[in-house]
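Here is a briefing on one protein model. Please look over the sequence and the structure before reading on.

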Amino acid sequence: DYEEGNWTPRISGTGGGEYTPGASNRGLYTKVGRIVTVSATIQWTSSVTPYSGLFAITGLPYAALNLSDYRAGGIFPSQAVGVYASGGFNKLNVGVDPNQSIAYVVMTSDTITSGSNYSHFPNVNAAGTIYGFTLTYITN
C-alpha cells in the first residue's frame with residue numbers, strides 16, 4: 001500500500017478560530033502501509049477570528065492510530081514567523097493524539113523542573129508562516 005498526495009494545512013484552535021490561508025500554503029503526504037508522513041508550509045495572511053481552545057494544525061490527511069495512549073511527535077521548524085513561545089517557554093513542538101487528524105502546537109521548556117514544562121497556548125499573530133513542518137505517525 002503506497003499513496004502520496006496533497007493535503008490542505010490550516011491553523012485553528014480546538015474551540016475555533018479562522019485564519020485566511022496565503023498563496024504559499026501547501027501540504028504533501030506519503031502513506032506507506034499504516035505509516036503517514038506529512039510535510040507543509042503553512043501560511044496565513046489574516047486572522048478573521050483568533051484561535052480559542054488549544055492551538056492546532058488542522059487538515060491532516062489521515063487520523064492517527066486509534067489506540068489508548070498513542071502519541072506521535074513531529075518537527076516544528078526553526079523558521080516560523082507569526083507563532084512563538086513566550087514566558088518561561090523557549091521552544092515550539094508539535095504532536096498528534098490518538099484518533100485525531102489535528103496536530104497540537106505546544107510551547108515547551110527544558111529548564112522548567114517542577115509542574116508542567118509545556119503549554120498549549122503559543123502566541124499567534126494575525127499573519128505568519130510556518131516553514132517545513134513535518135510529522136510522521138501511524139494510522140489505523
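The side chain of Asn25 reaches the backbone nitrogen of Gln43, at 3.0 Å. The model is predicted.

**Asn25**
- Asn25 sits in the loop that runs between β3 (16-21) and β4 (26-32).
- Is Asn25 buried or exposed? Asn25 is buried, because its relative accessible area is 17% and the cut-off for buried is under 20%.
- Beyond its neighbours within four places in sequence, Asn25 is in contact with Pro9, Arg10, Thr41, Ile42 and Gln43.

**Cavity**
- How many cavities of 30 Å³ or more does a search of the whole structure find? The search finds 1.
- The volume of the largest cavity is about 40 Å³.
- Asn25 is part of the lining of the largest cavity, and so is Gln43.
- At least two lining residues of the largest cavity come from each of β2 (10-13), β3 and β5.
- β5 gives the largest share of that lining, with 3 residues.
- By class, the lining of the largest cavity holds 6 nonpolar, 2 polar and 1 charged residues.

**Aromatic pair**
- The whole structure contains 4 aromatic pairs.
- Tyr19 and Trp44 form an aromatic pair, with 6.4 Å centre to centre and 80 degrees between the planes.
- The Tyr19 and Trp44 pair counts as edge-to-face, because its angle is 80 degrees and the cut-off is over 60.
- Tyr19 is in strand β3 and Trp44 is in strand β5, so the pair ties together parts 25 residues apart in sequence.
- Tyr19 and Trp44 are both buried.

**Pocket**
- The largest pocket holds about 170 Å³ of space.
- Which residues line the largest pocket? The lining consists of Arg71, Ala72, Asn93, Val94, Gly95, Val96, Asp97, Tyr104, Val106, Tyr118 and His120.
- β9 (91-96) and β10 (102-108) each provide at least two of the lining residues of the largest pocket.
- β9 provides the largest share of the lining of the largest pocket, 4 residues.
- The lining of the largest pocket has 6 nonpolar, 3 polar and 2 charged residues.

**Ser39, in β5**
- Ser39 belongs to strand β5 (residues 35-52).
- Ser39 is partly exposed, at 29% relative accessibility.
- Setting aside neighbours within four places in sequence, Ser39 is in contact with Trp7, Arg26, Gly27, Leu28, Phe133 and Thr134.
- Ser39 and Thr111 lie 29 Å apart in space, C-alpha to C-alpha, and 72 residues apart in sequence.

**Thr139, after β12**
- Thr139 is in the segment that follows β12 (123-138).
- Thr139 is buried, with a relative accessibility of 5%.
- A polar atom of the Thr139 side chain lies 2.7 Å from the backbone oxygen of Ala63.
- Apart from neighbours within four places in sequence, Thr139 is in contact with Lys31, Arg34, Val36, Tyr62, Ala63, Ala64 and Leu65.

**Loops and phi values**
- Most residues other than glycine have a negative phi.
- Asp69 has a positive phi, near 70 degrees.
- Asp69 lies in the loop between β6 (55-58) and β7 (72-74).
- Asp69 counts as exposed, at 65% relative accessibility.
- Asn99 has a positive phi too, near 60 degrees.
- The loop between β9 and β10 holds Asn99.
- Is Asn99 exposed or partly exposed? Asn99 is partly exposed, because its relative accessibility is 39% and exposed starts over 50%.
- Gly87 is in the loop between β8 (80-84) and β9.
- Gly87 is exposed, at 76% relative accessibility.
- Gly87 and Pro122 are 35 residues apart in sequence and 9.8 Å apart in space, C-alpha to C-alpha.

Technical notes. Residues numbered from 1 in each chain as written. Heavy atoms only, no water. Buried < 20%, exposed > 50% of the residue type's maximum accessible area, 1.4 Å probe, protein only. Polar contact = N/O pair within 3.5 Å; in protein donor to acceptor, adjacent residues only side chain to side chain. Contact = heavy atoms within 4.5 Å. 1 Å grid on protein atoms, 1.4 Å probe; cavity = no way out; pocket = protein on both sides within 12 Å on 5 of 7 lines; lining within 4 Å. Points joined across faces, edges and corners; volume = space filled by probe spheres on them. Nonpolar A, V, L, I, M, F, W, Y, C, P; charged D, E, K, R; others polar. Phe/Tyr/Trp six-rings, centres within 6.5 Å; stacked < 30°, edge-to-face > 60°.
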